[in-house]
Amino acid sequence: MAAPGQETVLEQEAALEEAEPPAQADAEEEKEPKLRDTPEDISFEASANTIAFHPSRDIIAAGDVDGDVYLYSYSCLEGGNQELWSSGHHLKSCREVSFSHDGQKLFTVSKDKSIHILSVEEGRLVTRFPKAHSSALNSLLVIDEHLFATGDDNGMLKVWDLRKGTAFMEMQQHEEYISGMSIDENKKLLLTTSGDGTMGVFNLKRRRFELQSESQNGDLTSIALMKRGKKVACGSSEGTIYLFNWNGFGATSDRFAVKAESIDCMVPVTENVLCTGSIDGVIRAVNILPNRVIGSVGQHLGEPIEQLAKSRTGQLLASCGHDQKVKFWDISSLSSIVVDDYRKRKKGGQLKALSRKAFGGGDDFFADLREEIEAPKEEEKEKEKEDSGSDESDNDPPGRLHPWKAIR
């Protein structure tokens, strides 16, 4: 039995205990992670050359200039990104990563001339081709569960069969590095872009070289199939997008000069819209036929962009650049954009912001100030171009090699 006065103390303590849970609950509510529009940036100790999204899970792979490969799970919850594993098997820069179609393996190619195939679950080395090419590898394309293609700095293309563990097709039709590869849905024609300014066409079914396009100004740096495979778009170091008709690969059907120093990488977002990355660090959304720069998706603050990748849902775009970061951008609005043939010509001004994180978007604190400063600069450039009567894309000599290619 409690002594007189003790009951009062016990009652007060009980009352305090009853009052504490709501306070704790409030504190827990405050600590709940915040939901963001996009995942947070992923930072690395070295510049990332290449990124790839997993085909069925919220996972992204990255390879850097030190030869390291990383696998991260990503989330729009604050603090939700998590490193799953890292691999340091490559002796030199990792230049391309790509998941197998079933998502169980990760293919990587390197400047050290090797091809590695890693297990996605553990990051364990499953298969290794130590001297796959005689030159540094630069590009990679996974074709199906058995076949994949690789291209090197000297223009050599190889197509590999995992069942035999060797390359069944080896051809060198390009004089410079192979920068990108794409294939039609029937897995018949393999297309390549090269630093020699040409596009190559290879027939996988017949295992032969078909033809090479006429040479364009500057390096062809990237490739994308558009308009349900009826058009092929190639980016160039001169900031021009060259368009080819399917089965009309010899000569371009159209060309479009984007107001960018270069187009170093690009990825199709819809049948009509693709995103491009440039040396100026800006990610542009571009509509194909009618040819129009729609606006800016995001930027790497003046640092060159190495690669772009689209997520499996099509809602996110990832980019990697020389700022040693992988950034994520919301591109969900691009699927609903319709571009009319009619265009009102305007001079100067800023690229339209297509996401909250892009310059001029809702999260850009300095948007108004930047527009005041940069608009006059654009007007001056336009005036200079009109006075000189020349196009900006013709200023550099053809075939020039980008300065950061040496870094890769």
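Because the model is predicted, local features are reported only at pLDDT of at least 70 and side-chain atom pairs only at pLDDT 80 or more, whereas totals for chains, interfaces and linings use all residues. Residues are numbered from 1 along each chain as its sequence is written, and side-chain values use heavy atoms, with hydrogens and water left out.

Salt bridges, taken as a side-chain nitrogen of Lys or Arg within 4 Å of a carboxyl oxygen of Asp or Glu, number 10 in the model. One of them joins the side chains of E121 and R57, with an N to O distance of 2.8 Å. This pair links distant parts of the chain, since E121 lies in the loop between β8 (115-119) and β9 (125-129) and R57 in the loop between β2 (48-53) and β3 (59-64), 64 residues apart; strands here are DSSP runs (E, at least two residues), numbered from the N terminus. Relative accessible areas were computed by the Shrake-Rupley method with a 1.4 Å probe, only the protein chains shown counting as cover, and residues are termed buried under 20%, exposed over 50% and partly exposed in between. On this scale E121 is exposed at 60%, while R57 is partly exposed at 35%.

A salt bridge is also formed by R163 and D161, whose closest N and O atoms are 3.1 Å apart. Here R163 is exposed, with a relative accessibility of 58%, but D161 is buried at 8%. In the salt bridge between R208 and E210, the closest N and O atoms are 3.2 Å apart, and both partners fall in the partly exposed class, R208 at 36% and E210 at 30%.

On the surface, K92, K111, K113 and K131 gather in a patch of positive charge. Such a patch is made of residues with over 30% relative accessible area and no salt bridge, like charges being joined within 9 Å; Lys and Arg count as positive, and His and the chain ends are not counted, while the place of a Lys charge is taken as NZ.

Among the cysteines, C76 is partly exposed at 24% relative accessible area, whereas C94 is buried at 0%.

Most residues other than glycine have a negative phi, and most peptide bonds are trans. Against this background, the peptide bond from L289 to P290 is cis, with omega near 5°, and P290 belongs to the loop between β24 (282-287) and β25 (292-299). L289, which lies in the loop between β24 and β25, has a positive phi near 50° and is partly exposed, with a relative accessible area of 32%. A positive phi of about 70° is also found at N247, which is not a glycine; N247 is placed in the loop between β20 (240-245) and β21 and is exposed, at 63% relative accessibility. Strand β21 itself (residues 254-257) contains A257, a partly exposed residue with a relative accessible area of 41%. The C-alpha atoms of A257 and I241 are 6.3 Å apart in space, the two residues being 16 apart in sequence.

Terms used: Patches are made of residues with over 30% relative accessible area and no salt bridge: like charges are joined within 9 Å, nonpolar side chains (Val, Leu, Ile, Met, Phe, Trp, Tyr) within 5 Å. Buried means under 20% relative accessible area, exposed over 50%, partly exposed in between (1.4 Å probe, protein chains only). Helices (H or I, at least four residues) and strands (E, at least two) are DSSP runs, numbered from the N terminus.
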